[in-house]
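Thanks for coming. I will take a few minutes to walk through one structure, starting with the overall picture and ending with a single residue.

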Amino acid sequence: MTPASAARAAIEAVWRIESPRLIAALARMVGDVGLAEELAQDAFVAALEQWPADGVPDRPGAWLMQAAKRRAIDQLRRAERLRLKQQVVGRDAEAAEELAAADFEAALTEEIGDSLLRLVFTACHPVLAPEARVALTLRLLCGLTTDEIARAFLVPVATMAQRIVRAKLTLAEARVAFEVPAGPDLAPRLGAVLAVVYLVFNEGYAASAGEEWMRPELVNDALRLGRMLAELAPAEPEVHGLVALMELHSSRMTARVGAGGEAVLLLDQDRARWDRLLIRRGLAALERAEALKGPLGLYSLQAAIAACHARARRPEDTDWARIAALYDALAQVSPSPVVELNRAVAVGMAFGPAAGLELVDRLAGEPALRAYPHLPAARADLLARLGRRPEAVAELERAARLSHNGRERALLQKRAAALQD
Amino acid sequence: MRFMIFIQPNLPPSTEDNLIPSRDAIETMSRYNRQLREAGVLLEVNGLHSPNEAVRISFTGGKPQVVDGPFAETKEMVGGYWIIDVKSKAEAIEWAKRCPVDPEGAIIEVRQIFEISDFPPELQEAVWLG
């Protein structure tokens, strides 16, 4: 690495570490996430100009905060002068005074956890469309650049840039307060936050588009967000449930890709390749979720199912009856045809293929599953175990036609070919 | 990418058997650890008992020889370690620079942890045999 590129890498690393805290602390002061991000960006540009020549300062976070503070005060004073001319002394004037007096160092250290949590809730606010929440969260909380987010979601950079600009505008126009929701708002708003994190995770873990089976960068970003939330909102069982689910699923990352890049299904995976550190962390997070009061929620139940797999050293050791029962509970909390399908598969494993097929066949007319490749794929498996091979082959071919992922399609075709031998 | 960060705190040689860090030192380190957790990068952290209790096993001609501490040279002895999950080596270095250590003489070492993809394909099978 040349000195220049090393300096550049160091500055990018500082940005990744400092930008969430910087933006959160600034947003708390100026009350506007979009403005806070601009101020942070400006400070970062100043760093890019100065640091390669002078070296990275000993306390880069404080340096960036000082630079952002100067800009924030300038901006608010300009706004104040304008308001005074118009004989309107508004909230901005007060904010400028407060800002001038504020101890930024304290803001960066004392209240930062709370500010970060506010930033998460704001980025995932329901006034925003789901894809805007995802983009803003990755941008503000993970320090990703617009280019990186665009690449991750396979959309043009200009589209992603516009999505982010519009999201910030929407927040400002709707006058979304920079706060942590309380009372009856908290549960649905937390649900929205967790949904964003899980969406990022899933897009990385089971890519819905493109030719690659997984995109590990997104998995890592989601894990980082989840682990962050577990620290910021430790009393929320579903936060730990989601972390557990993601840790346990990602423990299988290397095992679910074959040497040629092809997908390897859970029961065919070499379990020696499962990451023990992530399993341990996942089981610990699940324990934390279970230790908090209340019935298990959507994510904790799914994590409990993943834990059944993680605990089984060999596929035949899997406690399928428990998995079927957990899917039953999941169907109560969050009824959906996909959950019913998974329950049917678990029942098929626990109590035989005929029992499973009976449940799967009940889903045949389900409109939500009409284009869902896992329905014919699951049916094929049960039919094959019942010795009804030609029907199983036909179902696998149907599943392959429905799949949008190249790797998944190849796997389904391979299974169909194997049954015809 | 996972990194292990070792701290060599540069403790002065001490005759005490088991040094327990002061409340101040513990709180300072806890604040740092909280920062790592709030950033979602901390996987594990552990502090190690005093170097005086360390045992060294040295090998000569294939023979292990056990030597009990304390040792005269404590400067390079590890006092604790973190495992962090970050985007790049540069990020690991930046986190390490933020560690609150003795301002004179402490050393922190940053080492990347092997991942399966770091091995050539023909060795990957062998890695998992254990």
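Predicted model: local features only at pLDDT ≥ 70, side-chain atom pairs only at ≥ 80, totals over all residues.

Let me start with chain A as a whole. Chain A has 20 helices and zero strands. Along the principal axes, its C-alpha atoms fill a box of roughly 85 × 55 × 35 Å. The chain is 421 residues long, and 45% of them count as buried. If we take the contacts in chain A between residues at least 6 apart in sequence, 61% of these join residues at least 24 apart.

Next, the domains. The assignment for chain A gives domain 1, residues 186–318, and domain 2, residues 346–421. Between the C-alpha centres of these two domains there are 25 Å.

Now the side that faces the partner. In chain A, 22 residues are in contact with 15 residues of chain B. Which elements of chain A give two or more residues to that side? They are helix H1 (3–30), helix H6 (112–123), helix H11 (216–232) and helix H13 (276–291). H1(A) provides the largest share, seven residues. By type, the side of chain A that touches chain B has twelve nonpolar, eight charged and two polar residues.

On to the core. The largest nonpolar core holds 136 residues. Among those with the most contacts inside it are A:Leu26, A:Val120 and A:Ala303 from chain A, and B:Ile84 from chain B. H1(A) comes up again here, giving the most to this core with 14 residues. Both domains of chain A take part, each with at least three residues in this core.

A:Ala303 is worth a look on its own. Leaving out residues up to four places away in sequence, A:Ala303 touches A:Gly241, A:Ala244, A:Leu245, A:Leu248, A:Gly282, A:Leu286 and A:Ala289.

The last stop is A:Ala132, which lies in helix H7 of chain A, residues 130–141. Why does A:Ala132 count as buried? It counts as buried because it has 20 C-beta neighbours inside 10 Å, and the cut-off is 20 or more. Setting aside neighbours within four places in sequence, A:Ala132 is in contact with A:Arg163, A:Arg166 and A:Ala167. As for A:Met160, it is 28 residues from A:Ala132 in sequence, with 8.9 Å between the two C-alpha atoms.

That is the end of the tour.

Definitions and conventions
Residues numbered from 1 in each chain as written. Chains lettered and ligands numbered in written order. Helix = DSSP H or I, 4+ residues; strand = E, 2+ residues; numbered from the N terminus. Buried ≥ 20, exposed ≤ 12 C-beta atoms within 10 Å, placed from the backbone. Contact = placed C-beta atoms within 7 Å. Nonpolar A, V, L, I, M, F, W, Y, C, P; charged D, E, K, R; others polar. Domains from an automatic or database assignment. Core = buried A, V, L, I, M, F, W, Y, C linked by C-beta atoms within 7 Å.
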